[in-house]
Amino acid sequence: MGSSTSFQDLRKRSDDDDDDEDNDVGDDEVELQWAAIERLPTFKRIRTSLFDQKLLNDGKDEALGKKVIDVTRLGALERRVFIDHLITIIDKDNLKLLKKLKERLARVGLELPKTDVRFKNLNVEAECKVVHGKPHIPTLWNTITNIFSAITNVNRCMSQPNKIKILNDVSGIINPSRMTLLLGPPGCGKTTFLQTLAGKHDPSLKVSGEISYNGYKLSEFVPQKTSAYINQYDLHISDMTVRETIDFSARCQGIGSRADILKELSRREKFLGIMPEPDLDTYMKAISVEGLKRTLQTDYILKILGLDICGDTIVGDTMSRGISGGEKKRLTIGEMMVGPTKAFFMDEMSTGLDSSTTFQIVTCLQQLAHIIGATILISLLQPTPETFDLFDDIILMDEGKIVYNGPKSDVQEFFEYCGFECPPRKGLADFLLEVLSQKDQAQYWFHRDQYSYFSTEKFIAAFKEFHAGQRLNEELYAPFKITEDHKNALSFNIYSFEKWELFKACLTREWLLTKRNSFLYMFRSAQLVSLSLIVVTLFIRTQMKIDEFHARKYMACLFFGLLRILTSGVPELALTSSRLGIFHKQRDLYFYPAWAYSIPSAILRIPFSFLDTFIWTSLIYFGVGYSPEPERFFRQLFIQLLLHQVATSIFRLIAVVIQTPPVAAIFCQFTVVATLLFSGFIVPLPSMPSWIKWCFWISPLSYTDIGISVNEFLSPRWQK
């Protein structure tokens, strides 16, 4: 028995020695592969890394090791399994990944750039009109009331311009590497405050005061590219999938300074002889390549936001089924997180999310702030105690003024200093909102003195005397020392890429959407064939003769064809209106210029326009029996193609100028009727009153009607 045991021990030791030998061989092979990568030129070195082949077969084949890959050629499967390997438990593994990233940079003396946001004496005003002596925002009802009042009594009820202050002399600091929560009752100016800090406020608002990022004023850089304002409304193209939406956002936003940081990191590690962890190196290199249609950063964002399960599902809308409302909110967040910006201003990000999902997302943002050094300001209406505890600083607003701006640990002490105490079992966030309310404030008063309403002005005066307020004031007015790292955190270019690259990105997306809407074009072509066959039966060539009576029938058929082509552009009205909100959002975020959006759309409509006119002209021309000369067939085809393009452009213009769909539909109907009326067919030009004859010359139908009639009736057969 003893000899048997000793034999098993020897066998086990021999197996362990073999495993150690295999590990040594594997390590030696990895070192050789890394040495080969280090010998590559810089451009190739920062795109080449080691990928574990065992990830592709769930680790079943132990003989497979790491292989040298080009990170720009990672396939969809490789990206997915790699992210699943990096992040299994989202909270823990994401924290571990970010810590490794920070440690790798710190090992060679590098640090990611940070953004310090400061605002002094910030005021925002909106102009309104006085109706019956009271200032009102110019709503439809107030405008109508104002007009009738002016008619009934011109002298007494004249509208006078008035100004409403949305933000009133606010000052403060939003520190990097800290989570800041913006609290306040509805209507206190939180949305305007966030938009103004991000440089995305309405141009009609009058803004005064000073806002600076790392000591630079807003006019000295591009705040829209430096910060990310996340709207509380979820605007996305319904025909795109979740993954495609984030990929397009990543392609337009670019990579910022990631490539420069990676080059410097690679140079220093090569000089010091440091071999990084292969998985971390692959991740950092894959997210630092610009211009890719599919990027690893998209898979990372999908994973940490819990969108990986619906990544290939279309977004959908009220008419087409897609992802849920909570998933749309997470998509809105991920659309901006995928970019290189490290300053986030989030407006009511918990709308449509359950408390568990909100907690998970805020946890990921907290890790981003504490480890990477991001600047994050989040507006929440009623956060749960668990979510509230994740924040470091509090900004409390009321009536367009900041009541408190400081550490969360000091906010309870401040209100006790003012005479209000939070009950033991009361949530601190709920207490902060209720203590500002006149009707709920009294229940928290704990001084022996008799209670009297503590107004917002009194809270502001008390905060200036409080130690957190004095410390904030000293820090705010101390000179800010600007370094090169502070400048690297800002963006000085309006767009992330050259205009040609942005045009290609928009063209690729438009082609994708065109393929998604292929049923619409197929159905329209089938409808066109059916209608043309009906027309041919009405004007069949066997019954058409060359005389004055049948010339009118030829003319009627030509005009009906032009009318059909004119109205075929009506679907562009609904299609353009449905995407207009997304276009405005992405244009204001400087994803692309307006022409990069409109030109691809116009270009890709030309083949379908040609197909429609070719089907119609081919069936009608020979079925009705127009002049048989080939050149006249192609002239008619060309004239109808031009009219189709003009009609499509007119209806697209109406949708862009009149952005309310019901009103745009009414104006579209008016445009069609006016174009027909002044085309010269219904009312001939000599019969028109002289004062309205100019309408004939601005109607596109009149030119095409003249051209197509001349093309037909000047043929040799009509000269007889």
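Modeller: A crossing of two helices is called right-handed if the near helix is turned clockwise from the far one by less than a right angle, and left-handed if the turn is anticlockwise. In this predicted model, helix α25 passes helix α26 in a right-handed crossing. Helix α25 covers residues 630-657 and helix α26 covers residues 661-677; their axes are 9 Å apart and the packing angle is about 145°. On the side of α25, the residues that meet the partner are I650, F651 and I654. They face A664, F667, C668, T671 and V672 of α26. By class, this contact between α25 and α26 comprises seven nonpolar residues, one polar residue and no charged residue.

A second pair is formed by helix α21 (residues 518-538) and helix α24 (residues 594-624), whose axes lie 9 Å apart at an angle of about 20°. Angles under 35 degrees count as roughly parallel, and α21 and α24 are therefore roughly parallel to each other. Their crossing, too, is right-handed. From α21 the contact draws on Y521, R524, S525, L528, V529, L531, S532, V535 and V536. From α24 it draws on R605, F608, L611, D612, I615, W616, L619, I620 and G623. The residues of this contact of α21 with α24 fall into 12 nonpolar, three polar and three charged.

The crossing of α22 and α28 is right-handed. Helix α22 contributes A551, Y554, M555, L558, F559, L562 and L566, while helix α28 contributes L701, T704, D705, I708, S709, E712 and F713. In this contact of α22 with α28 there are 10 nonpolar, two polar and two charged residues.

The protein is divided into domain 1, made of the segments 113-129, 160-232, 347-357 and 364-497, and domain 2, which runs over 499-718. The C-alpha centres of the two domains lie 53 Å apart. Where domain 1 and domain 2 touch, eight residues of domain 1 are in contact with nine residues of domain 2. The area buried between the domains is about 740 Å², and carbon and sulfur atoms give 72% of it. Within domain 1, the residues that lose the most area to domain 2 are Q224, Y495 and F497, which together account for 67% of what that side buries.

Notes:
Residues are numbered from 1 along each chain as its sequence is written. This is a predicted model: local features need pLDDT of at least 70, side-chain atom pairs count only at pLDDT 80 or more; totals for chains, interfaces and linings use all residues. Side-chain values use heavy atoms; hydrogens and water are left out. Axes are lines fitted to C-alpha atoms, for helices over the stretch in contact, and angles run from 0 to 180 degrees between N-to-C directions. Helices (H or I, at least four residues) and strands (E, at least two) are DSSP runs, numbered from the N terminus. Angles under 35 degrees count as roughly parallel, over 145 as roughly antiparallel, 65 to 115 as roughly perpendicular and the rest as oblique. Contact means heavy atoms within 4.5 Å. Ala, Val, Leu, Ile, Met, Phe, Trp, Tyr, Cys and Pro count as nonpolar, Asp, Glu, Lys and Arg as charged, and the others, Gly among them, as polar. Domain bounds come from an automatic or database domain assignment. Buried area is the accessible area (1.4 Å probe) that two parts lose on being put together, summed over both.
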